[in-house]
Amino acid sequence: MNYLIVYAHPEPKSFSGYLKGRAVESLEAAGHEVIVSDLYAMGWKAVADRDDFPESDPNETLYYSKASREAYAEGKQSSDITQEQKKLLWADAVILQFPLWWYGMPAILKGWFDRVYAFGFAYGRGKHGGGYWGDRFGEGIMKGKRAMVAMTVGGRMAHYGPRGVNGSIDDLLWPIHHGVLYYPGFDVVPPTIFYEVGRVDPSTVEALTEQYLERVLNMADADPIPFIMQNGGDYDDVQVLKWHLNPEMCGHALHQHHPAFISNTWLGVSGDYTPRHIPPTSRDIEKP
């Protein structure tokens, strides 16, 4: 398989950097092809602006989506955007590797999507009319490819559980999983998340790394999050899920086939969100 790792961490010696390096080694040893877009090392321009369209008229008002559509269609995008699009088309599996910063991805990674997901490339594709709103949410240019979030978090897992003070981790990942990844057609593999990474000791680092490598090497066989397709007949002509479907569900699970996925468990199966971690734990924490 062809793997693209989009990596967004400013410190190469970080735990995230270590995971990235080990993933590349393991994938190549297993016979896979790997490309890494190391955004900080590349000096990636995170700001979407007129410079993304070198041949645009500076005297005209900039409508970014319109300019994006024209530049993509005419092959006049900034060269760095075009190169990243080629990597996405080449890849069979994409891994987004980043630390959770202020409840989301680092700005440099958000800027990567803002610029690389051009109009006509990642959105604005397919038939539009009637009840059909284009090739998106299960269809699109990335259909048949797989994607996974690999995220490091400073806080405890319990803080990101159903009753955690930070909100459910699935709430925080919904814009990425369902929007950024499922929207253009990726099959979204459940995320790999590491909590309390600032407190891990060397033995725990190795144990967590082995868990991560197993997830990475088996991406092709993992069951994806069972999101409901937009154009499969389950949504009405204004893209609202039909009322007879999943009547007992709420929130993000409403937009998944049963059994729905939530982090660390499947809906309907008891989850363990007590203040401790999936073994091996980074430190012992007493139950309340």
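Figure 1. F15 belongs to helix α1, which spans residues 15-29; helices (H or I, at least four residues) and strands (E, at least two) are DSSP runs, numbered from the N terminus. The model is a predicted one, in which local features need pLDDT of at least 70, side-chain atom pairs count only at pLDDT 80 or more, and totals for chains, interfaces and linings use all residues. Residues are numbered from 1 along each chain as its sequence is written, and side-chain values use heavy atoms, with hydrogens and water left out. With a relative accessibility of 13%, F15 counts as buried; buried means under 20% relative accessible area, exposed over 50%, and partly exposed in between (1.4 Å probe, protein chains only). Apart from neighbours within four places in sequence, F15 is in contact (heavy atoms within 4.5 Å) with T152, F194, V197, V205, L208 and T209. The C-alpha atoms of F15 and P99 lie 9.7 Å apart, although 84 residues separate the two in sequence.

**Figure 2. The largest nonpolar core, with L88 and L181.** A nonpolar core is a set of buried Ala, Val, Leu, Ile, Met, Phe, Trp, Tyr and Cys residues joined through side-chain atoms within 4.5 Å. The largest such core has 44 residues, and L88 and L181 touch the most other members. At least two residues of this core come from each of β1 (2-7), β3 (93-99), α5 (107-116), β6 (146-152), α6 (169-182) and β7 (187-194). Helix α6 supplies the largest share, seven residues. Not counting residues up to four places away in sequence, L181 touches L96, Y117, A147, V149, I176, F186 and V188. A second, separate core of 22 residues includes I5, L19, V24 and F194.

**Figure 3. Salt bridge between K76 and E55.** A salt bridge is a side-chain nitrogen of Lys or Arg within 4 Å of a carboxyl oxygen of Asp or Glu; the structure holds twelve of them. In the pair formed by K76 and E55, the closest N and O atoms are 3.7 Å apart. This pair links distant parts of the chain, 21 residues apart: K76 is in the loop between α3 (64-74) and α4 (79-90), and E55 in the loop between α2 and α3. K76 is partly exposed at 32% relative accessible area, whereas E55 is exposed at 58%.

Figure 4. The closest N and O atoms of R115 and D80 are 3.0 Å apart in their salt bridge. R115 lies in helix α5 and D80 in helix α4, so this pair ties together parts 35 residues apart in sequence. R115 is buried, with a relative accessible area of 2%, while D80 is partly exposed at 24%. Salt bridges with shared partners join K45, D49, D52, D80 and R115 into one network. Within the K45 and D49 pair, the side chains meet at 2.9 Å, N to O.

Figure 5. The predictor's confidence in each residue is given as pLDDT, from 0 to 100. Mean pLDDT for the protein is 86, with 91% of its residues at 70 or more. Over residues 265-288, pLDDT stays under 50, and the model has 51 contacts beyond four places in sequence for these residues. Where pLDDT is low, the predicted coordinates should not be read in detail.
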